[in-house]
Amino acid sequence: MPWFDGDPIKACSAPQRPASVERSAMTALGQFGLEAHLKSVQSGIATIADDIAQGFFEITHNSFALLGLAVVFAVITLTARPDLRQAGEFKLMTWLQQRQEAAIGFTEPAAIERATASNPKDLPAQQAAVAYWLSKKYGVAPEPLSVLVAEAFEIGQKAKLDPTLILAIMAIESGFNPFAQSPVGAQGLMQVMTKVHHDKYDNFGGKLAAFDPVTNLRVGVKVLQECIARAGSVEGGLKYYVGAANMEDDGGYASKVMGEHARLLAVVASASKRGKPSPFFAEPGTSRPVPASLPGKSETPASEGKTPEKPVLIPPARPEGPLFAPQSPAAASARLFAFRAYGYGTDGSGFQAPSVTLAGCATGDRLKVFATIEADPSGLSVQPFAWAALVSFRAAAHMNSRDHVFKDCHMYHRNILVEQTDPEIFAAIQAENARQEQHIELIASENYASPAVMAAQGSQLTNKYAEGYPGRRYYGGCEHVDVAEQLAIDRVKTIFGAEAANVQAHCGASANEAVFLAFLKPGDTIMGMSLAEGGHLTHGMALNMSGKWFNVVSYGLNDKEEIDYDAMERKAHETRPKLIIAGASAYSLRIDFERFAKVAKAVGAIFMVDIAHYAGLVAAGVYPNPVPHADIVTSTTHKSLRGPRGGIILMKAEHEKAINSAIFPGLQGGPLMHVIAAKAVAFKEAMSPEFKTYQQQVVKNAQIVADTLTQRGLRIVSGRTESHVMLVDLRAKGITGKEAEAVLGSAHMTINKNAIPNDPEKPMVTSGVRIGTPAMTTRGFKDEEARATAHLIADVLDNPRDAATLEAVRAKVHALTSRFPVYR
C-alpha cells in the first residue's frame, strides 16, 4: 500500500521514510533550481542586449556630430603640426607608389628625359604660332610639335632650306605621325625610304633611328637637299623626293606641299606682325628645346657668341634699272616704301623674303607707317612687294600708341590688309611677288604695272556702281567716278588720235565681242588671221564664240612667213566678209594696216584692228598706228601698254553709239571703276617722254635677243622681229616647246610654248616658244642684259637635261634680277 494515505497528521507521525525515497526527492528539487537559474541568466542577457542596442541607437543618432568633431580635431592637429601633415603625405605617396609598382611592375621618374616634347611658350613667337597652328590642324599635341618646329627652324638655317617647307613635307607625308609607314617602306615623319637611305642612319645608331622623330627629320632634310640639288628647283626636288622624277605627273604631291608651305608662311607672317618684325630664327642666345645639326655633324649654332644688332630703319632705296622711280609725295598717286627683310628661299638656292612684307604704303589719305626691322647680317637683297600685298607696321619711333593707329576705327582700318584677313591669299600674293622678282619674265603678253596703277586699282573706287557713261548714269553718287572715266577717255583718245573711245571693256576678248555684237549677226562672214599662223583665238578660232557664231575665212602667211596680203585680198573679194580683222598674238613683223583698210573698203567690210600686243609700241610711235585706217581698234591695257588688266575700244565717231550700246547694256553691267581709274593712270604714264624711251628699248632688246639666238643656232620665225615679240623654232635643238617652257622655268626664265607655222606637234606640245621683251625692259634691262638673257636661254636649250647647266644658269639669272628689282 502507499506510505502516505492523505492524512497530514498521520503523515507527520509516520515512521521514517526509506533512504531511496529521500534521494528521489532531492533530485527533483535540484532540477527545479537549475531551471530557475537558467531563466535568470537568460533574463540578464536580454537586459544587457537591450541596453547595448539602446546605447548604439544613441551613439548612431549623433554620428554626424561625432564625425564633424573628428574632422575639426584633425584639421586643428594638422594645422598645429605641419610635420605630421608632411609625414602623412609622404607615407600616402609612398603607399600609392607601392600600389602602382605592384600593378605595373616598375616606375621611372626620369622617363621625362626621353620625351620629345617642350613647352611652346619657350619658342620664339613665329615658331610658337606655327606649332599651335599645326597642332590645331593635325590634331597633334603642341608640346611634341614644338620640338619638331624648333628643330626644323634650326636645321633649316644650316641647310639653307625654308623651315616651313620642311614642316609642310612632314605634314603632307605623315601628318606628324612619327611611326607612319607607307606600303613601299617609307618610314617616320618625313617618310624616308629607310632601305634606300640606310647609310644616313649610321651616325644615329642604325635603321631603327628612323622612328626617332628628330633623327628622321634630320635625315629627311638631307635627302631633300639632295633631291633639290639634283632637280635644280624645289618643285623638281619634290618630285624626286616622292619618287616621281621619271613620271609625267606626281599626283599633285608638289602642289600639296607648296600649298601647305604657303599657309605656314602666312602663319609666320601673321605672327611677325603682332610683335616686333623679326627673322624666322630666334635671336642669339635663345634656348632651343633640341640642339640640331646636320646628319653626322656636330656644329655650334651660327648665332652663338654673336651680339644682336640693333634694329634700324632702312629708307627706300633706288637701285639702278627699273623705271618705277619714287614719285614726290605731292604728285604720287601711291607711295611705296619697301624695306629689307630676310627669310629662307623656296627654291633651295639661297635666301629671300617671302614670309613677311615690312613696308608701308600711302594712297590718298592712307596712313604712312614705317617698320623698324632687324639689321640684315647676311647682306641679303631687298625684297619689295606689290602694293596689294603690303603689311603695315607701327614704327616704335613714330607710332608707339595703339590708340593712335586704331583711333575711331569702326569697321575698316587702312592698316588691316589682306595678311590679317586672309593669310592664305596673302601667302599666295607674296609667293607670286617673289617669283616675279626672281624670274626673268619673257612672256610677250605680260608686263609689270606701276605702283601708281596698282594703287588706283586697289582704291575705294571698287565700291562704286556706275552703270551708264559719264553724265548719264543709272546710279547716284557718280560725280567723282565720272571724272576718272572721262580722264581715261580723253587721255586714250589723245594717245592714239582716236575720235571716240570706250574704256569700260573688261578685257580684250570682251572688247572684240562688243564689236561683233554691234555690227554682226550670227552666220555673218568674218575674216581673221589663222590662229595656227599667229592670230588670236577671238579672231575666228573654231572653239571660240567667234568661230561658233560666224562663218570664218582665215588668211595666213606666205613662204617667207610674212602675212600673205595677196591671198588675203583675193579671199576677201571671193567671200566678201562683213568684218575684216587685222592683228595677231604671235607675229613679229609690222602689219600693213593701210592695205587692209583698202581691201575692206573695196568689199564693203567693217575694218577692225586688234592691237592688244602692239598698243604700247603704237602709243610711243615705234609701231604703225592703225587708228587713221580702221573703223574700230581694240586693245588690252596690260601688255605692252603696261596698265591694269582690261580692254579699250577706239572708233570713228560714227560708231561710238553702236559700240557704247554693245558694251552697256549689251554685254556688261556695272563698269569696274577702280580698273578704269587705273587705266587713266597708265594712259598718263604712256604720254610721258620716258614711256617712248622705254618702248624704243623694248624693240631694241627684242632685236638683240633675236639676233643672239640666231647666232646660237636657233631659227626665228619670219627671220627677224620688228616689234616686241618673236617666235622661236626649236626643232634644230631636238626639244619641244613644252619641254623648253619647263626647263627654262626651272632656270627662272618664264616663257610660253607656242605653235610655229605648219607645226608637226600637237597644240599642247608645239615645236616653238614665244619670247617677248616688254617685262624685262620694264625692270631695266638694256642691250647688255638682253644679250646676256638670250645667251642664257641658248645655254639651257643646248643642255636642257643637264642639272649643272641649269644650276649655273639659275645663278646667273639671280645675279641679273638682283641688280634690277621691279618694285622698290
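Biologist: What does the accessible surface of the protein chain come to, and what percentage of that belongs to carbon and sulfur atoms?

Modeller: First, the ground rules: this is a predicted model, where local features need pLDDT of at least 70 and side-chain atom pairs count only at pLDDT 80 or more, while totals for chains, interfaces and linings use all residues. Residues are numbered from 1 along each chain as its sequence is written, and side-chain values use heavy atoms, with hydrogens and water left out. Areas come from the Shrake-Rupley method with a 1.4 Å probe, and for residues only the protein chains shown count as cover. The accessible surface is about 39700 Å², and the carbon and sulfur share is 56%.

Biologist: What percentage of the 824 residues count as buried?

Modeller: Buried means under 20% relative accessible area, exposed means over 50%, and partly exposed is in between (1.4 Å probe, protein chains only). For the protein chain, that gives 49%.

Biologist: How many salt bridges does the structure hold?

Modeller: We need a side-chain nitrogen of Lys or Arg within 4 Å of a carboxyl oxygen of Asp or Glu. With that cut-off, the count is 25.

Biologist: Which residue forms a salt bridge with Asp798 at 2.5 Å?

Modeller: Asp798 also meets Arg712 in a salt bridge, at 3.0 Å, N to O. Arg712 lies in the loop between H23 and E15 and Asp798 in helix H26 (residues 783–798), so that pair ties together parts 86 residues apart in sequence. Asp798 is partly exposed, at 35% relative accessibility. For the closest N and O atoms being 2.5 Å apart, the partner is Lys733.

Biologist: How far apart in sequence are the parts that Asp798 and Lys733 tie together?

Modeller: Helices (H or I, at least four residues) and strands (E, at least two) are DSSP runs, numbered from the N terminus. Lys733 sits in the loop between E16 and H24 and Asp798 in helix H26, so the parts tied together are separated by 65 residues.
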